Each structure stands twice: as structure tokens, then as C-alpha cells.
Amino acid sequence: MRRTGPAALVIAGALALAGCGGSGGESGSGRAELSVGSAYIPQPMSGDMAAGFLTVTNKGGADDELTEVTSDIGRVTVHETVDGAMQEVESLKIPAGGRLELRSGGDHLMFEQLKRRPKEGQTVSVELHFAHSAPVTVRMPVKPATYTPKTGH
Ligand code: CU
């Protein structure tokens with residue numbers, strides 16, 4: 001015997017939530033409107049790996065997802081930090097009317113197999129790919145290893 005009742009209720013609930021998000025956007029466009037800010041790369045200690053941070057803001061009326069990041073400097077993966085350990089994730093959600101924050105100690109970009117070591121004062125160009133929106137190219141400035149961004153708006 002299959003108990004389909006409860007599952008159907010869960011699906012209905014999820015749809016209702018999605019509806020709320022869709023109507024919450026100021027534009028009411030029903031699609032994501034993304035902008036990228038606060039991007040930087042702390043100068044790495046070695047030439048093997050570097051971390052990158054940025055914020056993606058979504059002013060639109062639909063969720064989107066960061067699905068892939070590419071750069072000419074090397075391989076880029078998206079990591080999340082869980083209990084102090086980092087692990088690769090396939091995508092990160094950018095909620096409608098919200099933001100995805102990649103920051104020190106949390107979610108971040110991971111640069112590996114570097115062709116050159118990023119140095120303070122340089123910029124690293126990356127391309128962000130999304131589930132729905134067009135790709136965005138970001139020039140990430142390389143900051144001192146100890147740099148911490150000011151919080152706030
Ligand atoms: Cu990492």
C-alpha cells in the first residue's frame with residue numbers, strides 16, 4: 001500500500017512558499033535580477049590554492065542558483081564550510097529579493113591548479129554561471145592576505 005497523502009501535502013506546501021517568493025519581488029518580473037559586489041581575493045600564502053569572496057544580490061522576483069565559476073587563472077570550485085570543514089557544492093541558491101554571500105569562514109570560491117599566484121594589486125577575472133540568468137564576468141581585486149572587508153551597506 002502506498003501512502004501518497006502526506007507527500008502530496010508537502011508538495012502543495014512547497015508550491016505555496018514559491019508563490020510567496022515570486023510575488024515578493026519589487027519588480028514582480030518573475031525572474032532573477034542579479035548584481036555582484038564586494039568581490040576580492042586575499043593574496044594566498046602559497047601558489048597552490050586561493051580563496052575568493054563576493055556577494056550576489058538578487059533584486060528580482062525569482063530564485064536563481066550559482067552553478068559554475070570559471071577563470072583563466074585555474075580551476076574554480078564553490079565550497080561551503082560546515083563545522084569548520086570545507087566541502088565542494090554543486091550550486092548555491094540566490095533567493096528572490098535576497099543575496100548569496102561568500103565570505104571568510106563561510107561559503108567561498110576555491111581556486112586550484114593555479115597558473116600564476118595572485119598578488120596584491122592584481123585582478124583576477126572570473127565568470128559566474130547561473131541556473132537561469134546570463135553569465136556575469138567579475139574582476140576580483142587581490143587584497144592583502146589579512147584583508148577583511150567592512151561589513152554593512
Ligand atoms: Cu575551500
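Colleague: Is His79 buried or exposed?
Modeller: In this predicted model, His79 has a relative accessibility of 8%, and because the cut-off for buried is under 20%, His79 counts as buried.

Colleague: And what about His108, buried or exposed?
Modeller: His108 counts as buried too, with a relative accessibility of 6%.

Colleague: Which protein atoms are the donors of the copper ion?
Modeller: The donors are ND1 of His79, SD of Met86, NE2 of His108 and SD of Met110, and they lie 2.1 to 2.3 Å from the copper ion.

Colleague: What arrangement do the four donor atoms make?
Modeller: The arrangement is tetrahedral, because the angles subtended by the four donor atoms around the copper ion run from 94 to 119 degrees.

Colleague: How are the donor residues spaced in sequence?
Modeller: The spacing is H-x6-M-x21-H-x1-M. His79 sits in strand β4 (residues 75-82) and His108 in strand β8, so this pair ties together parts that are 29 residues apart in sequence.

Colleague: Changing topic, what volume does the second largest pocket have?
Modeller: Its volume is about 270 Å³, and its lining is made up of 18 residues. Those nearest the centre of the pocket are Pro42, Ala50, Ala51, Phe53 and Met110, and Met110 is also one of the donors of the copper ion.

Colleague: Which strand gives the most to that lining?
Modeller: That is β2, with four residues, while β1 (34-42), β2 (49-58) and β8 (108-112) each supply at least two.

Colleague: How many of the lining residues are nonpolar, polar or charged?
Modeller: Eleven are nonpolar and seven are polar, and the lining of this second largest pocket has no charged residues.

Notes
Residues are numbered from 1 along each chain as its sequence is written. This is a predicted model: local features need pLDDT of at least 70, side-chain atom pairs count only at pLDDT 80 or more; totals for chains, interfaces and linings use all residues. Side-chain values use heavy atoms; hydrogens and water are left out. On a 1 Å grid over the protein atoms alone, a cavity is a set of points where a 1.4 Å probe fits but cannot get out, and a pocket is an open set with protein on both sides within 12 Å along at least five of seven lines; lining residues have an atom within 4 Å of a point. Grid points are joined across faces, edges and corners, and a volume is the space filled by probe spheres set on the points. Ala, Val, Leu, Ile, Met, Phe, Trp, Tyr, Cys and Pro count as nonpolar, Asp, Glu, Lys and Arg as charged, and the others, Gly among them, as polar. Donors are N, O and S atoms within 2.8 Å of the metal (3.2 Å for Na, K and Ca); water is not among the atoms, so sites may look incomplete. Four donors count as tetrahedral if all angles lie between 85 and 135 degrees; four count as square planar and six as octahedral if opposite donors are over 155 degrees apart and all others between 65 and 115; anything else is irregular. Buried means under 20% relative accessible area, exposed over 50%, partly exposed in between (1.4 Å probe, protein chains only).
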